[in-house]
Amino acid sequence: MKRYLILFTLLIAYVSLFTGCWSKREIDELAIASAVGIDKTKEGYLVTAQIINPGEIAAEKTSNRTVVSSYRASGETVFEAIRRLTLETPRKTYFGHIRLLVLGEDLAREGIGKTLDFFSRDPEIRTDFYIIIAKNSRAEELLNILTPIEKIPANKMYDSLEMSAKSWASTLHVTLDELIRSLLSKGKNPVLTGVIIKGSPQLGVAMENIEKVDIPTTIQIRYLGAFKKDKLVGWLNEEESIGYNYISDKVESTIVVITCSEEGKLGVEIIRTKAKIKGIVRQSKPEVSIDIWVEGNVADVECTMDVTNLQNIYEIETKVAARIKQETIAAIRKAQKELRSDIFGFGEAIHRADPKAWHTFKDDWDEIFTSLPIHVNVTSRIKRTGTITKSFQQELKE
């Protein structure tokens, strides 16, 4: 027994020699990337890495150096281009903490499936970063723009994307896992948010861009890009993008402006929504019904309407519901007639409702979708009318 105890002790001691962070890399050996941009080239891909300059972030005093630097390299594959970055960067680029993956519009229109393979395969890369499209530009141009308030441009775009999705509803933040699920689904095509450069890209790369009160060049989060499989096929405008998010139950909060019976406008803050998509198969033909429920508060009254009157409240609710229905129908019409892509997941709804029938539809779903009967029902409720009971607009007129 004593002999076995000695052998066991020696074995534990031997194994302990091999423990520890054998694959560790010190932080001063790495170039930490905050964002990655991918563009298409004739030979393959151009990868742009936005690298954080840690000395500038930690510095107590401002300097003439930027907080980030951009490095670029080309390769026949994404991985080769990334490895070629070592020819320019003094350290190995670390992608474990990227916040954004930016895809150039040309690349998105050719197909993004192959591009995503590296990011889903590499064990060092977390999959909670957001993926966006550089609308009307290349990813390398977008990542070169310097931004005020947020020193790191990737953080600015990340935070703007989250804020616009929470407060305006015409954008959407999509992670890698969510995008891949949509790509693999036969009943739903992906959407990604587009980001544009407003102003001159040449001025946007200079330090003076963030030294002026009126910023010459800015980055704006704008609308949704629709895909068919892995290829970008077109863009939804603002109204259609909001309609898409209502249907997809992605609206956290937004504003609906309606016209008063008298002259003027009235704004309602949407504070809560719920949407349900139901697939139906009748006489071997698919249909979809969408039920949307919204709750809101009266935010501003720029007319003489008395919002304490129950009849007026009912009128507001009716007009809000009509406006939201208009936005959803605009999104559906665009997807069916122009994009010809089921970006809403109606196919998935049919699959859930009748798996056997879906088996006969799925191969021709792209064509079936374009003439699919879709019924939209919107219910609106006003919860609060604000801290004042009557608008002072009437007294101003008198």
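Which side chains, R138 or others, meet E140 in a salt bridge? The side chains of R138 and E140 meet in a salt bridge, with N to O at 3.3 Å. A salt bridge here is a side-chain nitrogen of Lys or Arg within 4 Å of a carboxyl oxygen of Asp or Glu.

This is a predicted model, in which local features need pLDDT of at least 70 and side-chain atom pairs count only at pLDDT 80 or more, while totals for chains, interfaces and linings use all residues. Residues are numbered from 1 along each chain as its sequence is written, and side-chain values use heavy atoms, with hydrogens and water left out.

**The chain as a whole**

The protein chain has 15 helices and 13 strands. These are DSSP runs numbered from the N terminus (helices: H or I, at least four residues; strands: E, at least two). Of the 398 residues, 47% count as buried. Buried means under 20% relative accessible area, exposed means over 50%, and partly exposed is in between, for a 1.4 Å probe and protein chains only. The accessible surface comes to about 21,700 Å², and 52% of this belongs to carbon and sulfur atoms. Such areas come from the Shrake-Rupley method with a 1.4 Å probe; for residues, only the protein chains shown count as cover. Among contacts with a separation of 6 or more, 72% are between residues 24 or more positions apart. Contact means heavy atoms within 4.5 Å.

**Salt bridges**

Side chains of opposite charge can pair when their charged atoms come close. A search of the whole structure finds 14 salt bridges. The table gives three of them.

| Pair | Closest N and O |
|---|---|
| E239 and R323 | 3.5 Å |

R138 is partly exposed, with a relative accessible area of 26%, whereas E140 is buried at 19%. Both belong to a network of salt bridges that also includes R72.

E239 lies in helix α10 (residues 238-247) and R323 in helix α11, so the E239 pair ties together parts that are 84 residues apart in sequence. E327, by contrast, is four residues from R323 in helix α11, so the two are separated by about one helical turn. E239 is partly exposed at 23% relative accessibility, and R323 is partly exposed at 28%. E327 is buried, with a relative accessible area of 5%.

**A buried charge without a bridge**

E317 is also placed in helix α11, which covers residues 310-339. E317 is buried yet has no salt bridge, and the nearest side chain of opposite charge, R381, is 4.1 Å away. In this count Lys and Arg are positive and Asp and Glu negative, while His and the chain ends are left out. A polar atom of the E317 side chain lies 2.9 Å from the backbone nitrogen of I382. Apart from neighbours within four places in sequence, E317 is in contact with S380, R381 and I382.

**Inside and surface**

T115, in helix α5 (residues 113-121), is buried with a relative accessible area of 0%. Beyond four places in sequence, the contacts of T115 include I38, Y45 and V78.

I255 is in strand β10 (residues 254-259) and counts as partly exposed at 37% relative accessibility.

Terms used:
A polar contact is a pair of N or O atoms within 3.5 Å; within protein, one must be able to donate a hydrogen and the other to accept it, and residues adjacent in sequence count only if both atoms are side-chain atoms.
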